[in-house]
Amino acid sequence: MQTILSVENLSKVYASGFRALTDINLNIHRGEIFALLGPNGAGKTTLISIICGIVNASEGSVRVAGHDIVADFRKARSLIGLVPQELTTDAFETVWGTVSFSRGLFGKPANPAYVERVLRDLSLWEKRNNKILTLSGGMKRRVLIAKALAHEPQVLFLDEPTAGVDVELRRDMWNLVRGLKANGVTIILTTHYIDEAEEMADRIGVINAGRIMLVEHKDALMRKLGRKQLTLQLDAPLSAIPAALAGWRLELSNGGAELTYTYDAENERNDIIALLKSLSEAGIGFTDLKTSQSSLEDIFVSLVSKDPTAALQPASRATSHPDSQPTAPSVEENGNKQVTSR
Ligand SMILES: Nc1ncnc2c1ncn2[C@@H]1O[C@H](COP(=O)(O)OP(=O)(O)OP(=O)(O)O)[C@@H](O)[C@H]1O
Ligand SMILES: [Mg+2]
């Protein structure tokens, strides 16, 4: 896998003395979609701003396709496009003018056909002669995206591109991102809508309090840290879990009529067969069963929670009864990536 962006031992202490980033190491692969997730103030924008040359690092280095962002900043910058979190646009310029100007800034020759395609892709073509101050908020955001794409960057940063935008723009955004990826563009995005990361990203990085907590392929992450639940509707309520089943992670709910088993997504099959066998041996029958699975959001909340006992329980996709309270695994608070069971 070819590395297009490499961040080494990066730290940032702002002039105020506030330490926003501590020893960040990160390699981004060419052509991937990488989602950087973290709570407010985690350091996402600071990291992106350093890579894009807007903020200076205190320590460490960043290379884009081998070009150091300080020693070789012109080349490094020309490879990068940034859609910033904050809306900042030249209000009196036209859409066409500002996007074309952005392209020129990077020394790229004029290419009206390319600019037209970008504006059409972003549904801005009708507004190309409008002054930016006459656009709606969502349209201004589209202009920022068009500006970031104007010089055909190889690496595109999207810092919360869908915050506060309507459903249609969100869908357009993700179609655009898919199209860019298909053309070989590497995409690094931050979002607080974790379902978006779950749908779009190849890899996930979690940052909290200025430190990278983990970087993982999305599927591997969900397999490793995701939990599943099997809920059985019992044919007769139980007052307690029988001693013969004490070795299983089981919970009774709904007045003893429902039995919930929480398990790792990784070794599910054998476990469930063995559990059903044990239930049958204990003379416990059931009339219905359903399974549910933790989402990336559940995993994320558990990882960044300050409460080490925060539940990693399946919630958003749960089909189980709301009363059921599974045994919750917890994450160690010291940044250790392990998930442990209570
Ligand atoms: N110019 C600055 N001077 C001092 N502290 C700053 C400055 N800019 C950011 N910070 C602090 O650095 C920390 C990280 O901020 P940053 O904007 O990188 O967070 P973020 O992860 O992007 O958060 P959000 O999800 O809210 O956008 C915050 O505590 C913030 O207050
Ligand atoms: Mg931010």
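1. How close do the axes of helix α3 and helix α4 come, and at what angle do they cross? The axes of helix α3 (residues 95–105) and helix α4 (residues 112–121) come within 11 Å and cross at roughly 125 degrees, where axes are lines fitted to C-alpha atoms, for helices over the stretch in contact, and angles run from 0 to 180 degrees between N-to-C directions. Helices here are DSSP runs of H or I with at least four residues, and strands are runs of E with at least two, numbered from the N terminus.

2. A word on the basis of these points: this is a predicted model, in which local features need pLDDT of at least 70 and side-chain atom pairs count only at pLDDT 80 or more, while totals for chains, interfaces and linings use all residues. Residues are numbered from 1 along each chain as its sequence is written, and chains are lettered from A and ligands numbered from 1 in the order in which they are written.

3. Val-95, Val-99, Ser-100 and Arg-103 of α3 meet Val-115, Val-118 and Leu-119 of α4. By class, this contact of α3 with α4 has five nonpolar, one polar and one charged residues; Ala, Val, Leu, Ile, Met, Phe, Trp, Tyr, Cys and Pro count as nonpolar, Asp, Glu, Lys and Arg as charged, and the others, Gly among them, as polar.

4. Helix α3 also packs with helix α5 (residues 137–149), at an angle of about 30 degrees and with the axes 7 Å apart, which makes α3 roughly parallel to α5. On the α3 side the contact is made by Val-95, Thr-98, Val-99 and Ser-102, and on the α5 side by Val-143, Ala-146 and Lys-147, where contact requires C-beta atoms, placed from the backbone, to lie within 7 Å. These residues divide into four nonpolar, two polar and one charged.

5. An open sheet of six strands runs in the order β6-β7-β8-β3-β9-β10, with mixed pairing, two strands being paired if DSSP finds at least two bridges between them. Its edge strands, β6 (80–83) and β10 (211–217), each pair on one side only. Within the sheet, β7 (residues 155–159) and β8 (residues 186–190) pair in the parallel sense over five bridges, and Leu-158 stands opposite Leu-189 in β8. Helix α1 packs on this sheet, touching β3 (33–37), β7, β8 and β9 (203–208), and its direction makes about 150 degrees with that of β7.

6. Helix α1 (residues 44–51) also gives the most to the shell around ligand 1, with three residues. Of the 13 residues around ligand 1, those that come nearest are Tyr-14, Asn-40, Lys-44, Thr-45 and Thr-46, a residue being near if its C-beta atom, placed from the backbone, lies within 6 Å. The shell has four nonpolar, eight polar and one charged residues.

7. A second open sheet has four strands in the order β12-β13-β11-β14, paired in the antiparallel sense. Since β12 (250–253) and β14 (286–293) stand at the edges with a single partner strand each, one side of each is left without a neighbour in the sheet. Strand β11 (residues 227–234) pairs with β14 over seven bridges, and the bridge partner of Gln-229 in β14 is Ser-292.

8. Finally, β1 and β2 form a hairpin with five residues between them, and Gly-17 in the turn has a positive phi of about 95 degrees.

Key
Contact = placed C-beta atoms within 7 Å. Parallel < 35°, antiparallel > 145°, perpendicular 65-115°, else oblique.
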